[in-house]
Amino acid sequence: MYIPASFAEEDPAVGRALVEANPFGMLVVPVPGGVEIAHIPFLLDPAPTPLGTLRAHVAKQNPVASLLAEPLPVVAVFTGPHCYVSPRWYEKPARNVPTWNYAVTHAHGVARRIDGRDDVLRTLADLTEIHEAGAPEPWSLAGADAAHVEGLWRGIVAFSIRIDRFETKRKLSQNRPAADRLRVAAALRERAGPGDETIARWIEEREAAGPRS
């Protein structure tokens, strides 16, 4: 991924936070002549620190499933908030063009199949528990029809990815003068579209923290 130095986030905690807040990611698996891509929800386990381990699953009919027969280097891509930035918000709009602010992280690692009924079902149960949290009557795998569950786990391939490194990019108008950055943050808060508040808050937090070494 192309990451200008001003947009790079070296702290793995930033990458982890993006995954946790945006767990529906894109698994990119190399194949001869190109890549196979699966769009799937992920779990992020904290161990081993500081990067952690991803867990996920695909249907056995998915071409990715057969590719996971052996350990395989992969990349999982997670896109965070993003927003359009108008040159109207700059001090000199006529001398600028529109752009986009956004956050994304690439988690690199080796994918390994999770074999064994209990481990596969634990992955499904953990994923469900996270996303059912807060519901008045959470659905759980433990309460599902036993025969249906048996058929379910046999129809998927679960896997884990021990994360070797994050590539994380947050484009927050860092390449603009400070006055323009604050104008962008204020305009985003006023517009209040999807992603605007988070991007505005991140810009303001960076400004409050002062220059980075």
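This is a predicted model: local features need pLDDT of at least 70, side-chain atom pairs count only at pLDDT 80 or more; totals for chains, interfaces and linings use all residues.

Trainee: Okay, at roughly what angle do the axes of α5 and α6 cross?

Mentor: Roughly 150°, and the axes come within 8 Å. That's helix α5, residues 178-191, with helix α6, residues 196-209. Over 145° counts as roughly antiparallel, so that's what α5 and α6 are to each other.

Trainee: And is the crossing of α5 and α6 left-handed or right-handed?

Mentor: Left-handed. On the α5 side the contact includes Leu182, Ala185, Leu188 and Arg189, and on the α6 side Ile199, Ala200, Ile203 and Glu207 are among the residues involved.

Trainee: What's the make-up of that contact by class?

Mentor: Eight nonpolar residues, eight charged and no polar ones.

Trainee: Switching topic: which residues touch the most other members in the largest nonpolar core?

Mentor: Leu27, Ile40, Phe42, Leu54, Val58, Phe159 and Ile161, out of 25 residues in that core.

Trainee: Which element gives the most to this core?

Mentor: β8, with five residues. Others supply at least two each, including β2, β3, β5 and α2.

Trainee: Let's zoom in on leucine 54. What is it in contact with, leaving aside neighbours within four places in sequence?

Mentor: Quite a list: Phe42, Phe78, Phe159 and Ile161 are among the contacts of leucine 54, and so are Val19, Ala76 and Ala107.

Trainee: How many residues are in the second, separate core?

Mentor: That one has 15, including Leu18, Val85, Val184 and Leu188. Val184 and Leu188 also belong to the α5 side of the contact with α6.

How values were computed
Residues are numbered from 1 along each chain as its sequence is written. Side-chain values use heavy atoms; hydrogens and water are left out. Axes are lines fitted to C-alpha atoms, for helices over the stretch in contact, and angles run from 0 to 180 degrees between N-to-C directions. Helices (H or I, at least four residues) and strands (E, at least two) are DSSP runs, numbered from the N terminus. Angles under 35 degrees count as roughly parallel, over 145 as roughly antiparallel, 65 to 115 as roughly perpendicular and the rest as oblique. A crossing is left-handed if the near helix is turned anticlockwise from the far one by less than a right angle, and right-handed if clockwise. Contact means heavy atoms within 4.5 Å. Ala, Val, Leu, Ile, Met, Phe, Trp, Tyr, Cys and Pro count as nonpolar, Asp, Glu, Lys and Arg as charged, and the others, Gly among them, as polar. A nonpolar core is a set of buried Ala, Val, Leu, Ile, Met, Phe, Trp, Tyr and Cys residues joined through side-chain atoms within 4.5 Å. Buried means under 20% relative accessible area, exposed over 50%, partly exposed in between (1.4 Å probe, protein chains only).
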